[in-house]
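Open the model in your viewer and keep the selection panel at hand. This tour goes from one selection to the next.

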Amino acid sequence: MPAIGWNTDLYDNNHGFVARYGEDLINWLRPEEGERILDLGCGTGSLTSQISQYGARVTGIDASEDMITKAKAGYPKIDFFTQDARFFSLPGNFDAVFSNATLHWIQEQDLVLQSVYKSLRPGGRFVLEMGGQGNIKHIEDAVKQALIETGSQEQPAESWFFPSPATYSALLEKHGFTVRSLAFFDRKTPLEGEEGMQNWINMFGSFFFRNTHQVTREAVIRRAAEQLRPVYYQNGTWYADYVRLRIIAVKN
Ligand code: BEZ
């Protein structure tokens, strides 16, 4: 998992769609009054707060201290902690663990699923959405091509984890879960502003630019956006080629 220095204001202002789409995942969670729910990868806490409005007792964790600082300031009545999804440990058992747009940042899924399993009561549910197989493939291809064309020596090694439905179901079963519902679908996602694609790559593309000088980085991002423009800029709006994997799994 990369150590990402998130700009939390940019995250909320320019990439608010992350939380907006996550609202629909709450319909899968169906939080009930009094339930103990963990929001895994809560970011700045906007979905955590929405879950709490159902009367659930929610805790939010995120690996980013900056995100947690902002979440605490925004929602002072909710418990937020800086904890890593691979190794978290909290007292008691949860009725449900909820996770939106976080798991694809982590390669060590065995560690995550062990921690989630331990944190749930028997019969507790794990409700998740992440990028699935093929997610942002065209963006990735365009950036890699632009890196080659600009003569960058960068060779992105580590990357996101975008599993197929079969791969992630097998992982869940291996870790003691039963998959109850699954959806795998394209979500062409509108990005905000005339610079939407460049902003997206800048904000989220940390894997591409470990050793790339800032000036080259900017040139690569401009070039990648040019390549993507004919297909992913339509009627004044940029789109990202998201593919979502959504699952409800229950602890055996
Ligand atoms: C996603 O939500 O699919 C995503 C976000 C940032 C980087 C990669 C994927």
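Contact here means heavy atoms within 4.5 Å. The model is a predicted one.

**Stop 1: α8 and α9**

Select residues 196–204, helix α8, and residues 214–232, helix α9. Their axes come within 9 Å and cross at roughly 130°. That angle makes α8 oblique to α9. The crossing of α8 past α9 is right-handed.

Now show side chains. Which residues of α8 meet α9? They are Met 197, Gln 198, Ile 201 and Asn 202. On the α9 side, pick Arg 217, Ile 221, Arg 222, Ala 224, Ala 225, Leu 228 and Tyr 232. Colour this contact by class: seven residues are nonpolar, two polar and two charged.

**Stop 2: the ligand**

Centre on the ligand. His 104, Trp 105, Asn 135, Ile 136, Trp 160, Phe 162, Trp 200, Phe 204, Tyr 242 and Arg 244 surround it.

Pick Asn 135: one of its polar side-chain atoms lies 2.7 Å from a ligand oxygen atom. Then pick Arg 244. A side-chain N or O atom of Arg 244 is 2.7 Å from an oxygen atom of the ligand.

**Stop 3: α5 and α7**

Select residues 109–119 for helix α5 and 165–174 for helix α7. The axes are 10 Å apart, and the helices pack at an angle of about 50°. So α5 is oblique to α7. α5 passes α7 in a right-handed crossing.

From α5, show Gln 109, Asp 110 and Leu 113. They meet Tyr 168, Leu 171, Leu 172 and Lys 174 of α7. By class, this contact has four nonpolar, one polar and two charged residues.

Definitions and conventions. Residues are numbered from 1 along each chain as its sequence is written. This is a predicted model: local features need pLDDT of at least 70, side-chain atom pairs count only at pLDDT 80 or more; totals for chains, interfaces and linings use all residues. Side-chain values use heavy atoms; hydrogens and water are left out. Axes are lines fitted to C-alpha atoms, for helices over the stretch in contact, and angles run from 0 to 180 degrees between N-to-C directions. Helices (H or I, at least four residues) and strands (E, at least two) are DSSP runs, numbered from the N terminus. Angles under 35 degrees count as roughly parallel, over 145 as roughly antiparallel, 65 to 115 as roughly perpendicular and the rest as oblique. A crossing is left-handed if the near helix is turned anticlockwise from the far one by less than a right angle, and right-handed if clockwise. Ala, Val, Leu, Ile, Met, Phe, Trp, Tyr, Cys and Pro count as nonpolar, Asp, Glu, Lys and Arg as charged, and the others, Gly among them, as polar. A residue is near a molecule or strand if one of its heavy atoms lies within 4 Å of it. A polar contact is a pair of N or O atoms within 3.5 Å; within protein, one must be able to donate a hydrogen and the other to accept it, and residues adjacent in sequence count only if both atoms are side-chain atoms.
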